[in-house]
Amino acid sequence: MQPDFYIYGLVVLFGLAVGSFLNVLIYRLPRNKKMIFERSECPNCRTRIPFYDNIPLISYLILLGKCRICNAPISPRYPAVEMLNCALYLFFLHLDGLTLQFPAHCFLASSLIAIFFIDFEFQIIPDKITLPGIVVGLVSSIFVNPPGLVNALIGFVVGGGSLLAVAYLGEWLFKKEAMGGGDIKMAAMIGAFVGWQKVLLIFLGGALIGAVVSIIWMLFSKKVRSKRLIPFGPFLAIAAVVVVIYGDRLLRFYIENFLGM
Ligand SMILES: [Zn+2]
């Protein structure tokens, strides 16, 4: 047995545990429930969930996706968030090894998962995720290079500033809010973690994914077509994860093939 085995095992457990905490944030933050550390209850019958029914992934499988008391179905989002978070942690462990980049990437990925699901359902990006995220991004850049502190600060300004400009421009052109304050703070947070080059790449990717998905979505749903129900945050989150993983390769490809350097 390799010593690596234990580290991977620990990261799996930690990834699932944080994923379980993300489920709490995703459920409670947009509903303005303050008791983040309160015990969980079944949203249907309000019975408190005992610890042995609250084990990430395993409880969902044992209970076959239903509440033990009232049999109400438990959203498959719970195990999905836990597995997604765990998978990204494993991916970053593989990518970064045991460097300080690893916890920074994990923190960013978990924040993005929470934002993805909250913004998708409620069209809100909570300050309680983005503001601490900005602080963690900037502080970690003192120790993590790339991006390094200077690039992280520029990334913070370029990330937030670009969307702020889009917000002003959109309001001036369409006379209505085109970009929310939550999106601006989210972009500033991403910029603080990845630096200015990658945050620009993320805008490009997010806009591209957003445009494609929105067109397909509008073709199939009248509800989406009539109201403005498509948030930008989830696309930004997907693009950010892709760029954090493949960004260096994408940037190198771009420089070599399009700038001829
Ligand atoms: Zn129940």
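For comparison, the ideal angle for four tetrahedral donors is 109.5 degrees. The model described here is a predicted one. Distant parts of the chain are linked by the pair Cys 45 and Cys 70, which stand 25 residues apart. Cys 45 sits in the loop between α1 (4-28) and α2 (58-62), while Cys 70 belongs to the loop between α2 and α3 (77-96). Cys 45 counts as partly exposed because its relative accessibility is 27%. Cys 70 is likewise partly exposed, with a relative accessible area of 27%.

Open space comes next. The largest pocket holds about 990 Å³ of space. Its lining is made up of 43 residues, and those closest to the pocket centre are Ser 40, Glu 41, Ile 49, Asn 54 and Tyr 78. The helices α1, α2 and α3 are the elements that give two or more residues to this lining. Of these, α1 provides the largest share, with six residues. By class, the lining of the largest pocket divides into 23 nonpolar, eight polar and twelve charged residues.

One cavity of 30 Å³ or more is counted in the model, and the largest cavity contains about 50 Å³ of space. Around the largest cavity lie Gln 101, Ala 104, His 105, Gly 137, Ser 140, Ser 141, Val 144, Pro 147, Ala 192 and Phe 193. At least two lining residues come from each of α4 (101-122), α5 (127-140) and α7 (181-194), and the largest share, three residues, is supplied by α4. The lining of the largest pocket, by contrast, includes twelve charged residues.

Across the whole structure, a search finds eight aromatic pairs. One of them joins Phe 116 and Phe 117, whose ring centres are 5.1 Å apart; with the planes at 75°, the pair is edge-to-face. A further pair, Phe 116 with Phe 120, is stacked, at 6.1 Å centre to centre and with 5° between the planes. Both Phe 116 and Phe 120 lie in helix α4, where they are four residues apart, or about one turn of the helix. Phe 116 is therefore a partner in an edge-to-face pair and also in a stacked one.

Taken together, Phe 116, Phe 117, Phe 120 and Trp 217 form one aromatic cluster.

Note on methods:
Residues are numbered from 1 along each chain as its sequence is written. This is a predicted model: local features need pLDDT of at least 70, side-chain atom pairs count only at pLDDT 80 or more; totals for chains, interfaces and linings use all residues. Side-chain values use heavy atoms; hydrogens and water are left out. Buried means under 20% relative accessible area, exposed over 50%, partly exposed in between (1.4 Å probe, protein chains only). On a 1 Å grid over the protein atoms alone, a cavity is a set of points where a 1.4 Å probe fits but cannot get out, and a pocket is an open set with protein on both sides within 12 Å along at least five of seven lines; lining residues have an atom within 4 Å of a point. Grid points are joined across faces, edges and corners, and a volume is the space filled by probe spheres set on the points. Rings of Phe, Tyr and Trp (its six-membered ring) pair if their centres lie within 6.5 Å; planes under 30 degrees apart count as stacked, over 60 as edge-to-face and the rest as tilted. Ala, Val, Leu, Ile, Met, Phe, Trp, Tyr, Cys and Pro count as nonpolar, Asp, Glu, Lys and Arg as charged, and the others, Gly among them, as polar.
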